[in-house]
Amino acid sequence: MYNFDFTRPSSIKDAVAAIGAGGQALSGGQTLIPTMKARLAMPETLVSLTGIQEMKGICTNDAGQICIGAATTHAEVAREVAKSYPALSDLAGHIGDPAVRNRGTIGGSLANNDPSACYPSAVLGSGAIVKTNAREIAADDFFQGMFTTALEEGEIITEVKFPVPQKANYQKFVQPASRFALVGVFVAKFADGVRVAVTGASGEGVFRWTEAEAALSKDFSAAALDGVAAPSADGMISDLHGTGAYRAHLVKVMTARAVAAA
Amino acid sequence: MTQVKLSVNGKEMSAEVEGRTLLVEVLRDKLGLTGTHVGCDTSQCGACTVHVNGRSMKSCSVLALDVAGAEVTTIEGMANPDGSLSVIQAAFKEHHGLQCGFCTPGMVMTAAALLKENPKPSEAEVRAYLEGNICRCTGYHNIVKAILAASGQDVAAIAAE
Ligand SMILES: Cc1cc2nc3c(=O)[nH]c(=O)nc-3n(C[C@H](O)[C@H](O)[C@H](O)COP(=O)(O)OP(=O)(O)OC[C@H]3O[C@@H](n4cnc5c(N)ncnc54)[C@H](O)[C@@H]3O)c2cc1C
Ligand code: FES
Ligand code: FES
């Protein structure tokens with residue numbers, strides 16, 4: 001790893017100033033530190049977000065949304081929302097392994113937008129809102145393709161606000177070597193309809209499977225998917241772990257399992 | 001160079017570090033605590049697992065300056081105060097939970113974190129919790145058995161596979 005300057009501000013304001021001056025955000029470091037060791041990232045200054053108390057912790061706001069500070073670890077989310085949003089707790093509690101969950105954060109995961117990461121499916125599937133130092137971004141606008149988001153240069157995620165569905169479930173088909181999702185499907189049933197968000201499958205990153213949403217909004221049962229064709233294999237990730245056709249097939253299988261378990 | 005202060009196994013310690021210095025490098029190279037191992041250096045294997053403020057972390061993926069002031073526990077801090085093996089360490093010895101021993105410090109630290117959260121885990125829970133700790137020798141069976149025994153559960157019925 002090349003050397004860099006390191007700062008650990010205690011407020012969002014100071015962090016944004018340090019990043020604006022050319023620094024890069026460091027949250028849990030579970031993605032960024034290995035990337036820097038491989039010299040695929042070479043920031044001159046790292047600005048740690050781990051000392052910013054206003055970016056940590058979980059609460060429920062007046063609108064009934066669960067608000068999670070961007071620097072909150074996966075392990076804390078798994079513990080804290082176990083009763084208020086079990087599907088989200090279950091997702092967070094199955095990211096990587098216990099040591100990764102004690103360090104990795106929701107903000108880092110969303111900013112990175114790995115096409116096989118778990119959190120993007122919960123955020124898109126819940127129709128959550130990504131709050132930054134500058135604005136609020138709807139999940140439907142936030143994810144813009146593999147490793148690409150709506151974040152501007154120097155903008156940081158400070159909080160994520162989740163509406164709580166009536167029923168929800170996340171089904172992850174684990175890629176056993178990396179422990180990421182080979183395919184993961186997050187299904188959420190709200191009073192005004194069902195959202196289905198798929199991770200791990202598409203080369204464009206997380207996406208909503210609208211055909212399944214339409215069928216499930218009429219009839220929330222696994223059988224309702226019988227008449228829906230699996231999504232097209234075109235554009236699906238194809239690698240040594242599975243072909244695009246295999247992933248497309250898995251999307252339908254995992255969606256049905258998520259509905260049955262919700 | 002910057003000074004970083006840590007409380008390691010109950011002792012106040014400090015070291016001169018760069019921005020890029022990893023927690024594991026401070027422990028091994030600056031403080032001489034070579035019980036914590038580096039297996040992969042890519043956050044995969046768990047050999048470098050230590051506790052930071054009571055939670056298990058991979059010390060190859062944590063910057064020393066990012067945990068300045070923290071309480072760190074390493075394998076050197078796991079024995080009983082009189083120097084005898086702790087319950088978990090003794091169970092690893094008793095049940096042959098190690099062969100070459102390279103993964104063992106990380107396994108013991110992860111086991112201690114598990115039993116603190118979940119004092120009587122099932123076999124499936126032990127296996128799930130060990131997901132981030134790789135052992136190339138034992139096939140895991142005796143590690144799982146040792147951890148179940150350390151939790152006070154009867155393992156006589158678990159045959160060696
Ligand atoms: C062994 C292993 C297994 C894993 N398994 C899974 C898995 O199953 N599922 C899964 O989803 N993930 C998995 N991960 C990834 C893990 O969840 C990471 O913690 C996460 O993707 C990145 O979060 P972080 O807090 O560590 O971010 P960092 O590594 O600190 O940062 C990642 C990127 O985001 C930027 N960034 C960080 N915080 C912010 C912010 N608040 N605002 C703007 N930009 C920011 C950084 O500059 C960097 O570019 C795994 C990782 C490992 C090492
Ligand atoms: S050396 Fe840290 S996880 Fe392998
Ligand atoms: S005992 Fe050799 S790697 Fe586990």
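Author: Buried means under 20% relative accessible area, exposed means over 50%, and partly exposed lies in between, with a 1.4 Å probe and protein chains only. This is a predicted model, where local features need pLDDT of at least 70, side-chain atom pairs count only at pLDDT 80 or more, and totals for chains, interfaces and linings use all residues. Residues are numbered from 1 along each chain as its sequence is written, chains are lettered from A and ligands numbered from 1 in the order in which they are written, and side-chain values use heavy atoms, with hydrogens and water left out.

Reader: What makes helix α7 of chain A largely enclosed?

Author: Helices are DSSP runs of H or I with at least four residues, strands are runs of E with at least two, and both are numbered from the N terminus. Helix α7 covers residues 119-126 of chain A, and 8 of its 8 residues are buried, so the rest of the structure largely encloses it. Among them are Tyr119(A), Val123(A) and Leu124(A). Just after the helix, Gly127(A) has a positive phi of about 60°.

Reader: Which residues does Tyr119(A) contact, leaving aside neighbours within four places in sequence?

Author: Contact means heavy atoms within 4.5 Å. The partners of Tyr119(A) include His74(A), Leu88(A), Ile106(A) and Leu110(A).

Reader: How do you know whether Leu22(B) is buried or exposed?

Author: The relative accessible area of Leu22(B) is 4%, and the limit for buried is under 20%, so Leu22(B) is buried. Leu22(B) sits in the loop between β2 (11-17) and α1 (23-30) of chain B. Residues of both chains touch Leu22(B), including Met1(A), Ile33(A), Asp41(B) and Val62(B). Val62(B) is 40 residues away along the chain, yet the C-alpha atoms of Leu22(B) and Val62(B) are separated by 5.8 Å.
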